[in-house]
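Colleague: I'm new to this one, so could you take me through a single part of it, the sheet and what lies against it?

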Amino acid sequence: MRTLLPEIRREHAGDNALGDDLDLLEGQVQRCRTILREMVAFGQAQLSQVPERLTVGQFVHVCMERFQLLRPEADVALSVEPGAERLALRSPPGLRHALINLLNNAVEASSLNGSAFVGFDIRVEGPWLVLTVTDEGPGFDEADELGTLGLSQKATGLGIGLALAEATAERLDGELAASNTGHGAQMRLRLPLSVIGDHA
């Protein structure tokens with residue numbers, strides 16, 4: 001489809017209505033391509049099963065570096081609790097990818113309200129590492145959708161990224177909770193330090 005679209009566009013260069021449809025189709029094809037790449041990357045990470053050893057600060061830095069390359073328009077408000085920043089991790093396969101999915105969903109949600117804001121807060125709460133991603137989008141439509149993330153009708157569109165993030169949380173004995181904040185939505189990923197902490 002990516003090969004055919006430019007040819008169709010050239011053959012019908014004067015048809016403005018068709019051009020608009022082709023723009024839409026091209027955007028959807030690109031989105032499908034991105035999602036497929038994400039699913040492949042997630043699968044490869046799951047198969048590798050080799051955790052990275054690094055601090056929370058280093059982990060967040062790598063995530064942000066990758067995310068800003070993918071979404072340079074995002075205006076990220078990053079907050080890392082000093083005690084959490086120095087914490088040693090054995091970062092499991094798929095965790096970075098799951099987090100980038102949440103950040104990506106947040107910037108897409110904010111864009112629906114003309115904003116580029118993404119909030120990203122990292123802290124330790126007792127035995128948990130808590131990573132919270134907030135947006136300034138329209139939020140979730142109904143309260144009962146907050147418990148079924150993979151099936152969410154959130155206005156950002158496809159819920160595949162949320163489903164993958166939720167699967168990662170469950171695999172690590174953690175949890176992914178969604179809520180509305182009054183001016184957007186919030187995704188709260190809680191992971192047990194007993195599982196992801198580097199105790200060596």
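**The sheet and its surroundings**

Modeller: Let's start with the open sheet: 5 strands in the order β2-β4-β5-β7-β6, with mixed pairing. Strands here are DSSP runs of E, at least two residues long, and helices are runs of H or I, at least four, numbered from the N terminus; two strands pair if DSSP finds at least two bridges between them. Before going on: this is a predicted model, where local features need pLDDT of at least 70, side-chain atom pairs count only at pLDDT 80 or more, and totals for chains, interfaces and linings use all residues. Residues are numbered from 1 along each chain as its sequence is written, and side-chain values use heavy atoms, leaving out hydrogens and water.

At the edges sit β2 (75–80) and β6 (175–180), each pairing on one side only. β2 runs parallel to β4 (residues 117–125), and 6 bridges join them; Val-76, for one, has Val-118 in β4 as its bridge partner.

Look at Phe-120 next: not counting residues up to four places away in sequence, Phe-120 touches, among others, Val-60, Met-64, Val-76, Leu-99 and Leu-131.

Finally, the charged end of Arg-190 sits over the ring of Trp-128, 4.0 Å from its centre (the rule: NZ of Lys or CZ of Arg within 6 Å of the ring centre and within 35 degrees of the ring normal).

How values were computed. Contact = heavy atoms within 4.5 Å.
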